[in-house]
Amino acid sequence: MSALRRIWPGGNAFFSPRFSSFLAYGSLLFALLGSTLLVSESDIREGQLATRDIVAPENVEIVDVLATEKLRGEILASIPPVYRVDEGVVRQVKEEVEGFFVGLEGIRAAALSPLPEVVEGFSRKWNVTENTVRWLLEAPKEAYEAVRGLLYDLFAARFFAQPVRREDLARVLLEMNTEIEKAGLPGEAMWVAGILVTRFLRPNAVVDEAETQEKRAQILASLEPVRRVIRRGEVLLRRGDIVTREHLQALEALGIVGENRRFSRALSLGIFIAGVVVLEYLYLRRFAPLFLGDNALLLVRLMAVCGVLVLHLLTLRVSPVFLVAGAIPLVLLTLAGWEVALGESLLLFPLLFWAWRMDLSGGLLLFLHLFSPVFLLGKKRVERKHFTRVGEVLALFCGVLGILFALEEGLALWKVLTFFVYGGSGGILASVVALGSVSLFEHTFHLTTEVRLMELLNPNHPLLKRLMLEAPGTYSHSLIVANLAEVAAEEIGANALLVRAGAYYHDIGKLRRPQFFIENQAGPNRNVHERLSPYLSVRVIIGHVRDGLEIARKFRLPREVQGIIQSHHGRSVVRYFYEKALRMSGGNISRDVFRYPGPLPRTPEEAIVFLADSVEAAVRSMKDPTPRRIEMTVRNIIRAYLEDGQLDESSLTLRDINRIARRFVLFLNGMIHARVPYPEPVEESVHGKS
């Protein structure tokens, strides 16, 4: 790795804890969200026993192949075949009819009165009754021609052009007889025509296979396949079940089996997660840069998100409305701040919604869990009681939504109640998980929370007790600075509890040499700096910042409090010893020798303690404090710090600074006010006036 760094110096950032944290975060997200992609295909075969339970990771609508095939079969069975006219049968009937009438006309032309044996032979040949043949032979030409012409017309219209099935013979025969009656023939002629129609009519229909298949194909093409919805959390296969074709169909739709589908889904999920991680980094660098510099918080974010997602996968097996994702923003809001919680929710929502293929109901529940804590609590300090309130709100809304979703799906009453119970339980469980996680993380990683800060404000804390006993002047100064800084923090919406705790401990470095600081010196002749050079004195004074940071780390004070200790003097100049050195040397003294090492205050809380510390010391040293002089002193100190660039790195605006100054003046005027002198006691005569 060192060789790689020498080859690519700019790649150092890729080996930093920050990069490793984001890389691990993305990898764990991929492992959790793509867990179904990693299921081995070799043990999921039709006819084999399932070796594990498989739960649907998302809502998906699939085509029910078995039901669709059954429906297709039923529809195919109900579609009648397409018939066409059998040209061979038509040709045969035409030849028979023509031969029949040609034979009759030959006999009619041969003799006026046919012999009985001729009539009998013709009748037997054509399978027609003798009376019918005799009438046709003896009938007048007009009647004969009318019967023959009507027969040709009926067969041309009803038989030669239209297919006639066997089951249609009775209907077609009835239609032809109806036409004969409408023709207005004499009684015997109508009778003969009916007999001839019955004699020559036969089925001429044959199934047209091509047309039949085309018709069936058209109907099947317009057929909508039978679909069914696999709900997220539905158990597709239980261990020991025999894998059926229907099981494989559902697993293929979810991408659990099938190498090509698994690869494409894994690739798309990896790209999506990579994009989300990059966007999250850019968001945090813009809105929460301090979070990026805290490796402990980055690790907490990773553990909180991935831990809750693992729990979510377990609860999903119980019910699709049993969500616990609300624990994520609650934990981050408490430990990392509003900006981090909002950013994580904004990026996790589309990722989880897409990765788990949620429907509208699941997406709405996820939205409530991820954003309700952020907007219910806002930027104010999160306390333990807020977890309960958020859990109750989530339980109420998710329970009601569970009922609505169950009713919309038309589920039974007991299922509706189940959805209500699981939806509400998810909200309660999310708050419980968040509460336990915050307690675990704050003690494991020594993070700053409301409870931790309250513990630091306890007067029985070992450092505060030492400060009170060993440096009482510093202790008194710290209490006043804490009160002054707290009211200013409340004025601009900063973390007042953190400001108070930071002010309590900002001067603990003076415990190393308390007698070197003026507030701890008992008499006017006890100033040890009178016997020291200004260079040595300033080293001792400036060293209390370094000493305070060492003590804070030894007692594992929160990082935010350590930041206040380290920056409560910024890079300001110790003017007393600087001017003393100037007087002794006659000039040409570098101001940098007499500056605190810094850093400059960056957060609002650090800047407030920085200003409060200087303002309190200056006002306390005033001989005749009046409201006007106090205000001028406060304004001059703040103006001097602005001109010196001491607040350049802080996030305070000029409006915030002006409000802080006004609050300082009001507080100091209330604390340092002129008192009415008490009159001398007048001794009266015990015997009264004379």
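This is a short tour of a predicted model, one selection at a time.

**Stop 1: a run of aromatic rings**

Start by selecting Phe100 and Phe101. A pair of aromatic rings is described by the distance of the centres and the angle of the planes. The structure has 18 aromatic pairs in total. Phe100 and Phe101 make one of them, an edge-to-face pair with 5.3 Å from centre to centre and 80° between the planes. Are these two residues buried or exposed? Phe100 has 0% relative accessibility, so it counts as buried. Phe101, at 1%, counts as buried too.

Trp126 counts as buried because its relative accessibility is 11%, and the cut-off for buried is under 20%.

Now widen the selection to Phe122, Tyr144, Tyr152 and Phe200. Together with Phe100, Phe101 and Trp126, they form one aromatic cluster. While Phe200 is on screen, show Arg199 as well: Arg199 lies over the face of Phe200, at 4.6 Å from the ring centre.

**Stop 2**

Step along to Asn127, in the loop between H5 and helix H6 (130-138). Most residues other than glycine have a negative phi, and most peptide bonds are trans. Asn127 has a positive phi, near 60°, and is not a glycine. Its relative accessible area is 64%, so Asn127 is exposed.

Carry on into H6 itself. Which residues of H6 are buried? They are Thr132, Val133, Trp135, Leu136 and Leu137. Show the surrounding helices to see what the buried residues of H6 pack against: H4, H5, helix H7 (141-158) and helix H9 (187-200).

**Stop 3: another charge over a ring**

Select Arg286 and Phe287 next. Here the charged end of Arg286 sits over the ring of Phe287, 4.9 Å from the ring's centre.

**Stop 4: a patch on the surface**

Switch to a surface view and pick Leu396, Phe397, Val400 and Leu404. What do these residues form? They make a nonpolar patch on the surface, and together they have about 380 Å² of accessible area. Look at Val400, which is found in helix H18 (residues 384-408). Val400 counts as partly exposed because its relative accessibility is 37%.

**Stop 5: two loops with backbone features**

Go to Arg556, in the loop between helix H24 (534-554) and helix H25 (559-567). Phi of Arg556 is positive, about 55°, although this residue is not a glycine. Is Arg556 buried or exposed? With a relative accessible area of 51%, Arg556 is exposed, since the cut-off for exposed is over 50%.

Finish at Pro599, which lies in the loop between helix H26 (575-585) and helix H27 (604-620). Select Gly598 along with Pro599 and look at the peptide bond that runs from one to the other: this bond is cis, with omega near 10°.

How values were computed:
Residues numbered from 1 in each chain as written. Predicted model: local features only at pLDDT ≥ 70, side-chain atom pairs only at ≥ 80, totals over all residues. Heavy atoms only, no water. Patch = residues over 30% accessible without salt bridge, like charges linked within 9 Å, V, L, I, M, F, W, Y side chains within 5 Å. Areas by Shrake-Rupley, 256 points an atom, 1.4 Å probe, with all protein chains shown as cover. Salt bridge = Lys/Arg side-chain N within 4 Å of Asp/Glu carboxyl O. Helix = DSSP H or I, 4+ residues; strand = E, 2+ residues; numbered from the N terminus. Buried < 20%, exposed > 50% of the residue type's maximum accessible area, 1.4 Å probe, protein only. Phe/Tyr/Trp six-rings, centres within 6.5 Å; stacked < 30°, edge-to-face > 60°. Lys NZ or Arg CZ within 6 Å of the ring centre and 35° of its normal. Contact = heavy atoms within 4.5 Å.
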